[in-house]
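I opened this notebook to record, entry by entry, what I looked up in the structure.

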Amino acid sequence: MTTLSDVAKKASVSKMTVSRVINHPQQVTPELRKIVEKAMEQLNYHPNSIASALAHNRTNVVKLVILEDIDTTEPYYMNLLFGIAKGLSKKTLRNSISHRQECWRRRRLYYNWWASNGCRMVRSIR
């Protein structure tokens with residue numbers, strides 16, 4: 001697996017420069033960005049989402065929990081879930097969908113668990 005250090009070495013730049021190209025490309029000159037992006041492409045480098053989550057204390061995963069007993073194969077719900085996934089992908093977020101049939105009163109337990117695991121916002125649909 002290619003690391004950020006490998007990319008930095010290939011592009012003859014510092015690891016900080018590679019990190020800036022990935023996280024804050026506006027802080028890097030277009031010429032330098034092209035060099036780093038070319039090295040990333042040649043090495044088939046993809047940022048490690050687990051390492052990023054640990055470093056930033058967030059996962060960029062949006063958890064959608066379906067608390068009601070609904071038929072998710074119905075066109076309305078399928079379109080709703082597809083629309084949510086499409087909107088999240090435009091923001092470079094990933095989605096995780098769960099179906100919870102447990103009692104609605106237990107939602108606070110789930111909210112607390114998600115919050116302690118780096119979830120920034122919880123919304124429920126019922």
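This is a predicted model: local features need pLDDT of at least 70, side-chain atom pairs count only at pLDDT 80 or more; totals for chains, interfaces and linings use all residues.

**Entry 1, a pair of helices.** I looked up helix α1 (residues 4-11) and α2, which pack at an angle of about 105 degrees with their axes 8 Å apart; the axes are lines fitted to C-alpha atoms, for helices over the stretch in contact, and angles run from 0 to 180 degrees between N-to-C directions. α1 and α2 are therefore roughly perpendicular to each other, since that term covers angles of 65 to 115 degrees, while under 35 counts as roughly parallel, over 145 as roughly antiparallel and the rest as oblique. On the α1 side I noted Leu-4, Ser-5, Val-7 and Ala-8, and on the α2 side Lys-15, Val-18, Ser-19 and Ile-22, where contact means heavy atoms within 4.5 Å. By class, this contact of α1 with α2 has five nonpolar, two polar and one charged residues; Ala, Val, Leu, Ile, Met, Phe, Trp, Tyr, Cys and Pro count as nonpolar, Asp, Glu, Lys and Arg as charged, and the others, Gly among them, as polar.

Residues are numbered from 1 along each chain as its sequence is written, and side-chain values use heavy atoms, with hydrogens and water left out.

The contact is formed by Thr-17, Val-18, Val-21 and Ile-22 of α2 together with Leu-32, Arg-33, Val-36, Glu-37 and Met-40 of α3, and by class it has six nonpolar, one polar and two charged residues.

I found six helices and two strands in the protein chain, taken as DSSP runs (helices H or I, at least four residues; strands E, at least two) numbered from the N terminus. Read along the sequence, they follow the pattern α-α-α-α-β-α-β-α. Of the 126 residues, 18% count as buried, a term for under 20% relative accessible area, with exposed over 50% and partly exposed in between (1.4 Å probe, protein chains only).

Is Thr-17 buried or exposed? I found Thr-17 in helix α2 (residues 15-23), and it is buried because its relative accessible area is 14%. Leaving aside neighbours within four places in sequence, Thr-17 is in contact with Val-28, Leu-32 and Val-36. Leu-64, in strand β1 (residues 61-66), is likewise buried, with a relative accessible area of 10%. The C-alpha atoms of Leu-64 and Ser-96 are separated by 6.1 Å, although these residues are 32 apart along the chain. Thr-72 lies in the loop between β1 and α5 (75-90) and is partly exposed, with a relative accessible area of 30%.
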